[in-house]
Each structure stands twice: as structure tokens, then as C-alpha cells.
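Work through the exercises below with the sequence and the model open. Each task is followed by a solution in steps.

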Amino acid sequence: MFLGLTVEENLRDGAPPAAGPGRRIYPMQDVYELFPRLHERRMTQGGSLSGGERQMLAVGRALRRAPKVLLLDEPSIGLAPRMVSLLLQTVRKLVDAGLTVLLVEQNVRAAMEVTDVVHLLERGKVIASGAVDTMRDDPRIIETYLGGSHG
Amino acid sequence: MNVLQQVVNGIIIGHAYALVAVGWTMLLGAARLVNFGHGQMYMVGAFVAWWFMRMTGQPYPVAVLAAILVGALIGAVMLRLLMRLTLSRDLVSLMIATLGFGQMLEGAAGLAFGPKPQTLASPFQDMSLHFGAIWFTVQDAILVVATIIVFLALRYVLNATRFGTSVRMVAEDPPLTRLGGIDITRVYMGIFAFEGAAVAFAATLVAPRTPILTSMGFDQVVMTFVVVVLGGIGSVVGSYVAGVSVGLFTALFGALVSPAYTTAAVFALLIAVMVLRPGQLAASANFAR
């Protein structure tokens with residue numbers, strides 16, 4: 001995102017993306033409906049936004065490019081817990097509407113609230129994968145991330 | 001000593017500084033480019049207008065338009081030559097390359113226009129307006145009004161048009177701008193053409209005040225550099241304020257202290273500002289404001 005542009009300019013940025021198979025165009029209005037906060041702040045410069053608002057704007061900008069897949073690298077980082085769940089709930093809405101999302105998260109507890117499939121990586125290797133319901137009971141996840149015995 | 005007259009002179013010179021600096025400010029703000037060929041581009045603008053009037057017999061306003069066109073062309077040529085360095089933002093090499101570009105312009109102008117001082121004759125230079133004890137020429141009035149219009153127009157274009165948004169995006173993050181599907185070489189082309197056109201326009205308005213020489217570029221670059229830096233590297237409004245302030249400073253210093261030391265005094269001012277308020281000089285993401 002551009003710090004020197006307003007939210008609206010950031011979302012308007014660039015040539016309109018081409019529609020194609022597996023691509024959905026997100027008009028500006030759709031982005032504002034997903035993130036009402038961005039609509040409130042649409043005249044604000046990117047540089048004056050809070051961390052959470054910047055993440056929303058970054059996701060909004062990505063959507064405006066009509067992605068086939070949305071890749072999110074630790075969107076929760078540095079955000080207040082309430083903001084994390086708001087952001088991830090919105091991502092879930094996108095998934096429910098048919099978008100494929102690959103979410104990389106250290107905040108596994110929050111991530112598992114909204115994902116369908118979990119792949120657990122350790123030192124670059126996939127050490128476990130499966131549907132979120134089965135993975136929730138996986139001892140390695142419980143121990144490492146969900147604060148089993150020694151939190 | 002008529003202090004009011006000196007203030008008027010200062011305002012006029014200040015607008016001249018600001019108008020000469022506007023293209024460079026844009027270039028610096030948007031492309032982070034320090035153009036040491038700026039003064040020679042100014043000189044070429046003045047000579048093209050002079051030569052055009054002499055060769056075609058066209059009136060001064062037509063010559064102004066011709067100089068603007070040639071100026072934009074020179075800006076575009078400059079970008080073609082510096083494209084690779086501009087895209088990679090190799091700032092030190094760019095600075096040196098623009099110095100060389102300026103020398104090339106100066107050499108070419110020396111060959112084309114000869115070594116003798118010439119006069120760019122504007123009919124408005126001979127018309128003067130008197131208000132009580134103060135007076136100025138119609139040329140001065142045109143200069144001031146044109147400067148204000150150019151700055152307002154630039155501000156509008158940067159903040160309220162699609163192209164302006166692209167310029168601000170390129171200023172902040174060229175790779176990210178390209179990701180958005182914007183052809184950044186075209187944006188750079190617009191920025192460089194604006195620099196060339198703006199400095200040529202400034203030259204045609206300012207140069208009728210004094211004789212023109214093909215070697216006058218360097219003097220021009222020195223003062224413009226001060227204005228651009230004082231304005232807060234690449235800030236549009238800042239360079240307008242800085243131009244007018246430096247104009248007032250030189251006029252009053254020249255009248256009240258000594259005209260011989262004005263340039264030195266301006267540099268002392270610049271050094272003082274750099275030492276006392278360095279933060280104000282940093283290039284910001286909001287250069288369009």
C-alpha cells in the first residue's frame with residue numbers, strides 16, 4: 001500500500017484487472033462492505049492508518065486485483081486481538097464466497113477458527129496436515145501452539 | 001531607500017526562483033532525481049525562444065510556446081538517456097550524469113547560438129506599472145501570476161487526477177506501482193517532460209529581465225538548488241514558499257546590507273536551516289502537499 005495516498009486512492013490504484021476463469025472482480029463498493037472501517041477512513045492517508053486498518057487496506061488492494069488465490073502472510077502480526085478476529089472473520093467471508101485463501105499464521109488459535117485445512121510446518125517441512133477438526137486434536141499442535149501443559 | 005519597492009522586487013524575484021525550481025521539485029519529489037543539468041536547460045529554453053523569434057519573426061508569446069515544446073522534448077531525451085539509472089534509482093550516478101547532460105547542452109548551445117550575450121526581447125518588459133512610489137514591469141506581473149497558476153495547477157494535477165496519483169505512487173514505491181498495472185516509464189516520461197517544459201517556460205518569463213549567455217546555466221542552478229532544498233526536498237508548496245522567501249531575503253539583503261554578498265548570505269541561510277531543522281528537509285511521502 002502507498003502511505004502517501006488516501007485509502008480511496010489506494011483502492012482505485014492501477015489498471016482495472018481482467019476478469020477470467022476463477023477470478024472475481026471486487027468493485028470498490030464490495031471492499032467497503034467487507035471493511036466498513038475503510039469506508040469511514042476513505043479520505044485518510046495510508047500513512048495515518050492504524051496497523052489493523054493497514055492490513056485491511058492491504059487485503060482490499062489485493063482483492064481489487066481480482067486474485068485467483070489470496071496469499072496472506074501473518075496478517076495478525078502486531079494487531080490487537082479484537083482486530084485479529086475481525087480481520088480473520090472477514091477473510092472467512094471471502095472464503096465462503098468462493099475465494100481460495102492461503103493463510104500463513106503463527107497465531108494458530110485464531111487461524112484455526114477460520115480455516116478448513118491446516119498444514120503444520122516445521123523447519124520448512126510439512127509435518128502434519130488435515131482438516132481443521134482433526135488437526136485441532138493433534139498433539140503436536142496442542143503442545144506447540146494451543147498452550148498444552150506449559151503454555 | 002524605498003523598502004516597499006525592495007519588498008516588491010523580492011516578491012518578483014522570489015516568484016522567478018519558485019517558477020524556475022518547480023520542475024526540479026517535481027523531479028526530485030517524484031523521481032528522487034537531483035538534476036544538475038537544470039540550469040543549462042533553463043539557458044536552452046531562453047535561447048530557443050530568442051532564436052525562434054529571430055528566425056521566424058514570430059511574436060514573443062509564440063516563442064514562449066516553442067520553447068516549452070523544445071523543453072519538454074529535452075526532458076524526454078534526458079529520460080531516454082537516463083532511463084536505466086532512473087528505474088534503478090541509482091541516485092549518485094544520476095546526479096553525475098545530469099551534470100554531464102548539462103555540460104552537453106551548454107556545449108551544443110555554444111556552438112548553435114554563439115558566445116555573445118543576447119537579449120530575449122519581451123514587449124512586456126518595456127511596459128511598467130506605477131503605484132505611488134512603487135513600480136514593476138508588466139513582464140514581472142505576468143511572471144508572478146504565471147508562477148501562481150503553475151503551482152496551483154501542479155498541486156491540482158498531483159492531488160486530483162489519475163496521472164497525479166500515478167506520480168505520487170511512483171514517488172513512493174515504483175515496483176509496487178508497476179504491480180498495479182501502471183506503465184511507470186510513461187509516468188517518468190510525463191515527469192521529465194514536465195521538468196523540461198517548466199524550466200523552459202520559466203526561462204522565457206525570467207530571462208527578458210537580463211541579457212542571456214550560453215554560460216549562464218550554472219548561476220541559475222545554484223540558486224534553484226537552494227530553493228529546492230530549503231523547500232523541503234521535492235515539496236511542491238514548500239518550494240513555492242522557499243522561492244518567495246529566498247527572493248525577499250536576497251532583495252532585502254542586497255538593499256540593506258550588500259548586493260555583493262547576497263549569494264553567500266543565501267548559502268549561510270541554507271546551512272543554518274540544514275543544521276537547525278534537518279528534519280524539515282527530508283523527502284516525505286507527501287510531496288504533493
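## Two loop residues of chain A

A:Glu74 sits in the loop that joins strand 1 to helix 5 (81-96) of chain A. The model is a predicted one.

**Exercise 1.** Locate A:Ala66 in chain A and describe its phi and its accessibility.

Solution. A:Ala66 belongs to the loop between helix 4 (51-64) and strand 1 (69-73) of chain A. Its phi is near 50 degrees, a positive value in a residue other than glycine. The relative accessible area of A:Ala66 is 0%, so A:Ala66 is buried.

## Helix 11 of chain B

**Exercise 2.** Find which residues of helix 11 of chain B are buried, and what they pack against.

Solution. First, the extent: helix 11 of chain B covers residues 262-276, 15 residues in total, and spans 21 Å from its first C-alpha to its last, close to the 21 Å expected. Second, its buried residues are B:Thr262, B:Ala265, B:Val266 and B:Leu270. Viewed down the axis of helix 11 of chain B, these fall within an arc of 145 degrees, so they line one face of the helix. Third, on the other side of helix 11 of chain B, B:Ile271 and B:Val275 are exposed. Finally, the buried residues of helix 11 of chain B pack against helix 9 (217-230) and helix 10 (236-256) of chain B.

## Helix pairs of chain B

**Exercise 3.** Describe how helix 1 of chain B packs on helix 9 of chain B.

Solution. Helix 1 (residues 3-31) and helix 9 of chain B have axes 9 Å apart, at an angle of about 65 degrees. Helix 1 of chain B is therefore roughly perpendicular to helix 9 of chain B. The crossing is right-handed. Residues making the contact include B:Tyr17, B:Trp24 and B:Leu28 of helix 1 of chain B, and B:Met223, B:Phe225 and B:Val228 of helix 9 of chain B.

**Exercise 4.** Do likewise for helix 6 and helix 8 of chain B.

Solution. Helix 6 (residues 162-172) and helix 8 (residues 184-206) of chain B pack at about 100 degrees, with axes 10 Å apart. Helix 6 of chain B is therefore roughly perpendicular to helix 8 of chain B. Among the residues in contact are B:Phe163 and B:Val167 of helix 6 of chain B and B:Ile184, B:Tyr188 and B:Ile191 of helix 8 of chain B.

Conventions
Residues numbered from 1 in each chain as written. Chains lettered and ligands numbered in written order. Predicted model: local features only at pLDDT ≥ 70, side-chain atom pairs only at ≥ 80, totals over all residues. Heavy atoms only, no water. Helix = DSSP H or I, 4+ residues; strand = E, 2+ residues; numbered from the N terminus. Expected span 1.5 Å × (residues − 1). Buried < 20%, exposed > 50% of the residue type's maximum accessible area, 1.4 Å probe, protein only. Arc of directions from axis to C-beta. Contact = heavy atoms within 4.5 Å. Axes fitted to C-alpha atoms, helices over the stretch in contact; angles between N-to-C directions. Parallel < 35°, antiparallel > 145°, perpendicular 65-115°, else oblique. Left-handed = near helix turned anticlockwise from the far one by under 90°.
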